[in-house]
Amino acid sequence: MFKTTQIPKGPPATSQKNLTKIQAIKAILSEEKRMILLTQIEKACVLEPPLYESLVKDLINNLTMHCQLLPESENSFYSQPGGLIDYALHRTDAALSLFKQFVILDQNETWSDEQKLWQYALISDSLVQGMGKLYLDYTIHRYDQQKKFIDLWAPLSEALTEGASYYAHQFTGTQDLTFLHRLNLLMARLLMPSDGFAFIANAPDVFAVWLSLIDEDYCIAGTLCAILIR
């Protein structure tokens with residue numbers, strides 16, 4: 001009744017020289033340009049240090065486990081190894097700078113809980129926006145320590161690092177934007193720390209804007225939309 005689909009036993013012929021070794025989060029993020037961006041993001045974030053650790057740093061770590069050293073595209077400014085995480089960090093740093101311009105405080109004034117929540121919504125959106133492309137735009141084969149093929153990575157199920165030591169990627173060239181936007185929502189939920197997701201989801205107005213930005217539907221996103229577009 002149904003056509004049987006054969007699960008591939010191995011990838012297309014790939015030279016072992018083209019395999020990328022999976023790295024620890026600390027090793028990836030300790031590169032100087034990333035350290036500078038991380039420092040600027042932490043300095044700009046107005047959440048208290050414990051909240052920054054659990055809501056922002058954990059999200060960045062989750063993102064790094066998923067992205068590893070994948071380039072953002074084949075031919076762009078972010079086509080270098082690690083370009084995908086670099087693009088997310090640059091976007092977040094720039095968004096925070098713009099957000100501060102919209103929230104003008106006197107020197108002695110403190111940030112309200114609502115302002116902190118909106119800022120976190122922007123930070124998390126900036127980090128995970130467009131990550132549905134991990135499912136749609138790449139074909140990624142994973143390998144063990146002996147560089148033997150394990151499987152095709154399923155990014156909606158687990159991190160790229162899970163049970164693998166090496167990987168090789170190819171770009172698919174897919175251009176299905178409607179599907180991509182749906183995948184963005186699934187990837188965002190997977191990458192978000194549970195406490196961070198609850199922080200946003202418990203505020204319906206903020207949550208509605210957050211979802212629209214993840215979905216790249218800018219009709220109701222207001223100020224945050226303007227920031228991310230810029």
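Reply:
**A loop and its surroundings**

Of the 230 residues in the protein chain, 44% are buried (buried is under 20% relative accessible area, exposed is over 50% and partly exposed lies in between, with a 1.4 Å probe and protein chains only). This is a predicted model, where local features need pLDDT of at least 70 and side-chain atom pairs count only at pLDDT 80 or more, while totals for chains, interfaces and linings use all residues. Residues are numbered from 1 along each chain as its sequence is written, and side-chain values use heavy atoms, with hydrogens and water left out.

The chain holds 10 helices and 4 strands (DSSP runs, H or I over at least four residues for helices and E over at least two for strands, numbered from the N terminus). From that end, the elements run β-α-α-α-α-α-α-β-β-β-α-α-α-α. Contact here means heavy atoms within 4.5 Å; among contacts between residues at least 6 apart in sequence, 70% join residues at least 24 apart.

Now to the part I picked, the loop between α3 and α4, where both Q68 and G82 are found. Q68 has a relative accessibility of 0%, so it counts as buried. Its phi is near 45°, a positive value in a residue other than glycine. For comparison, most residues other than glycine have a negative phi. G82 is buried too, because its relative accessible area is 0%. Leaving out residues up to four places away in sequence, G82 touches R34, Q68, L69, L70 and P71. G82 also sits 9.7 Å from L29, C-alpha to C-alpha, although 53 residues separate them in sequence.

R34, one of the residues that G82 touches, also takes part in the meeting of α2 with α4. The axes of α2 (residues 32–44) and α4 (residues 83–102) come within 9 Å and cross at roughly 35°. These axes are lines fitted to C-alpha atoms over the stretch in contact, with angles from 0 to 180 degrees between N-to-C directions. The crossing is left-handed, meaning the near helix is turned anticlockwise from the far one by less than a right angle. On the α2 side the contact uses K33, R34, L37, L38, Q40, I41 and A44, and on the α4 side I85, D86, L89, H90, T92, D93 and L96. Those residues split into 7 nonpolar, 3 polar and 4 charged (Ala, Val, Leu, Ile, Met, Phe, Trp, Tyr, Cys and Pro are nonpolar, Asp, Glu, Lys and Arg charged, and the others, Gly among them, polar).
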